[in-house]
Amino acid sequence: MDVIPSSVYLDTATAAPLHPIARQALLAALDDGWADPDRLYTQARRARQLLDAAREAAAETLGVRPDELSFTPSGTTAAHSAVLGGLLGRRRAGTVLVHSAIEHSAVLHAAERHVAGGGTATEVPVDRLGRLDLDAWSTAVTASGVALAALIAASHEVGTVQPVEAAAAACADAGVPLYVDAAQMVGRMPVPTGWSALSASARKWGGPPGVGLLVVRKGTRWESPWPADERESGRLPGTVNLPAVVAAVASLRAATADAASQAARLAPLVDRIRARVAADVPDVEVVGDPEHRLPHLVTFSCLYVDGEALLHALDRRGFAVSSGSSCTSSTLRPSHVLEAMGVLSHGNVRVSLHSGSTEADVDRFLAELPGIVADLRGQAGVVGL
Amino acid sequence: MTTPAHPDEIIDCLGQRCPLPVIALARRLPELPVGAVVRVLADDPAAAVDIPAWCRMRQQEYLGAAPGPAYDIRRSR
């Protein structure tokens, strides 16, 4: 009889398990924060206090002013708002959006919308490790008609941390505002400086799903791309999900306070995965920058292995991971990030750790992975190729 | 990169999903003499990434893409 293995969740880069502090705050705010903060009665004033306190706490954690920070219905909405609003606010300066080739799909979809509306997008390449080509970036942002530049702070797929401050300096020289997608960095690492707009997503740091952050620094030309609404200072329409916002900010503070010690604990586990996978699994390509990277995320590709089959095989052994392989995507296209880096896209696995991930979890994964890959290769008849 | 108009052999992987085109290439190329050129016909978009990546991992020479969509590889070792 098969023993059902205990579950090991290794897909934090998609969504971290809900932080215990987020759960407590959510339950309390469901009782206390259900009313509309914009109304004029006792319950509404309580909700307004909660929302204002959440905004101040989030702003303080990120080192920005409360009136620069808006809550959005998702990280995706925050990214769309940053891109489309940044372009709209600078339409007199030009219609060119400069972005790296490895942006999150939310940014690329906003770019597609911009191009469909008559705008232009300039894509800046990355190298084999997923590092931005800074020379090409500087050239691109210096060209005429650039309204906005967008750069992911750290790759959600391969973990490579980007040279944000150098990219920001090039933008400043050219007078172009920089939008940074910091979804994988907020709550884990100090966020670099020099940007004009930033977005993040609460479920990445242990907050509930359905809360994003949009920060637009004072003096940045930005106009809401959405139909007019008085909510969130006119930046985002619709009532915020206040209980979720309260929970998101409580967990943001907790995750940020604990970030350095978590990074110190998780980075060696990621180092171990990088080294052991490369040593114990034949014909594997561990991708992403080995040094300048996120502390909790590692990606590798196994030659001749079907990515979907690998995910299912790992799931049967209790391991939850994600993949950039084409067979695991709804579009049946390989990850544009792996494509831009020119690395193997099939048999791809992304492992991302969270505060509850243990050394024992990682060691069990490392003990089982070589056999799982060998079995799949055996079934496909590709051993020895 | 230039692609030869007449490869020594064509492997038809149209309609196959990755990693099958790469596997077909890995099976066939070592059976051909060093210097031979194989053209892999593959319409899975992942082949455009994975065939050059395989060539790099196996130290074989990737010559480039051709209409088809197709990818030309020379056995170099």
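Arg58(B) reaches across to Asp283(A) in this predicted model, and the two side chains form a salt bridge with their closest N and O atoms 2.7 Å apart. That link belongs to the interface between chain A and chain B, where the count is two salt bridges. The contact draws on 25 residues from chain A and 17 residues from chain B. Together the two chains bury about 1,700 Å² between them, and carbon and sulfur atoms account for 58% of that area.

Now let us turn to chain A itself. Chain A is divided into domain 1, made of residues 8–17 and 259–380, and domain 2, which covers 20–257. Taken over C-alpha atoms, the centres of domain 1 of chain A and domain 2 of chain A are separated by 27 Å. The two domains meet through 30 residues of domain 1 of chain A in contact with 30 residues of domain 2 of chain A. Between these domains about 2,300 Å² is buried, with carbon and sulfur atoms giving 55% of it.

How many salt bridges cross this domain interface? The rule finds one between domain 1 of chain A and domain 2 of chain A. Asp289(A) and Arg131(A) also form a salt bridge, with the closest N and O atoms 3.9 Å apart. A salt bridge is counted when the nitrogen and oxygen lie within 4 Å, so the pair Asp289(A) and Arg131(A), at 3.9 Å, is included. Arg131(A) has another partner as well: its side chain meets that of Asp127(A) in a salt bridge at 2.8 Å, N to O. Arg131(A) counts as partly exposed, because its relative accessibility is 36%. Asp127(A) is likewise partly exposed, since its relative accessible area is 26%.

Elsewhere in chain A, salt bridges that share partners join Asp36(A), Asp38(A), Arg48(A), Asp52(A) and Arg231(A) into one network. Within it, the side chains of Arg231(A) and Asp36(A) meet at 2.8 Å, N to O. This pair links distant parts of the chain, 195 residues apart: Arg231(A) sits in the loop between strand 8 (212–216) and helix 7 (242–257) of chain A, while Asp36(A) sits in the loop between helix 1 (20–32) and helix 2 (42–62) of chain A. Are Arg231(A) and Asp36(A) buried or exposed? Both are buried.

Move along to Glu232(A), and you will find a salt bridge with Arg55(A), the closest N and O atoms being 2.8 Å apart. Glu232(A) counts as buried because its relative accessible area is 9%. Arg55(A), at 13% relative accessibility, is buried too. Over all chains, the structure holds 26 salt bridges.

Next, have a look at Ser196(A), which lies in the loop between strand 6 (178–181) and strand 7 (197–201) of chain A. Ser196(A) has a relative accessible area of 17%, so this serine is buried. Leaving aside residues up to four places away in sequence, Ser196(A) touches Pro177(A), Leu178(A), Val215(A), Val216(A), Arg217(A) and Thr220(A). One of these, Arg217(A), also lies over the face of Trp195(A), at 5.4 Å from the ring centre.

The last stop is an aromatic pair, and the count over all chains comes to one. The ring centres of Phe319(A) and Phe365(A) are 5.3 Å apart and the ring planes stand at 80 degrees, so the pair is edge-to-face. It links distant parts of the chain, 46 residues apart, with Phe319(A) in strand 11 (residues 319–320) of chain A and Phe365(A) in helix 11 (residues 359–380) of chain A. Why is Phe319(A) counted as buried? Because its relative accessibility is 1%. Phe365(A) is buried as well, with a relative accessible area of 1%.

Definitions and conventions:
Residues are numbered from 1 along each chain as its sequence is written. Chains are lettered from A and ligands numbered from 1 in the order in which they are written. This is a predicted model: local features need pLDDT of at least 70, side-chain atom pairs count only at pLDDT 80 or more; totals for chains, interfaces and linings use all residues. Side-chain values use heavy atoms; hydrogens and water are left out. Rings of Phe, Tyr and Trp (its six-membered ring) pair if their centres lie within 6.5 Å; planes under 30 degrees apart count as stacked, over 60 as edge-to-face and the rest as tilted. Helices (H or I, at least four residues) and strands (E, at least two) are DSSP runs, numbered from the N terminus. Buried means under 20% relative accessible area, exposed over 50%, partly exposed in between (1.4 Å probe, protein chains only). A charge sits over a ring if NZ of Lys or CZ of Arg is within 6 Å of the ring centre and within 35 degrees of the ring normal. Domain bounds come from an automatic or database domain assignment. Contact means heavy atoms within 4.5 Å. Buried area is the accessible area (1.4 Å probe) that two parts lose on being put together, summed over both.
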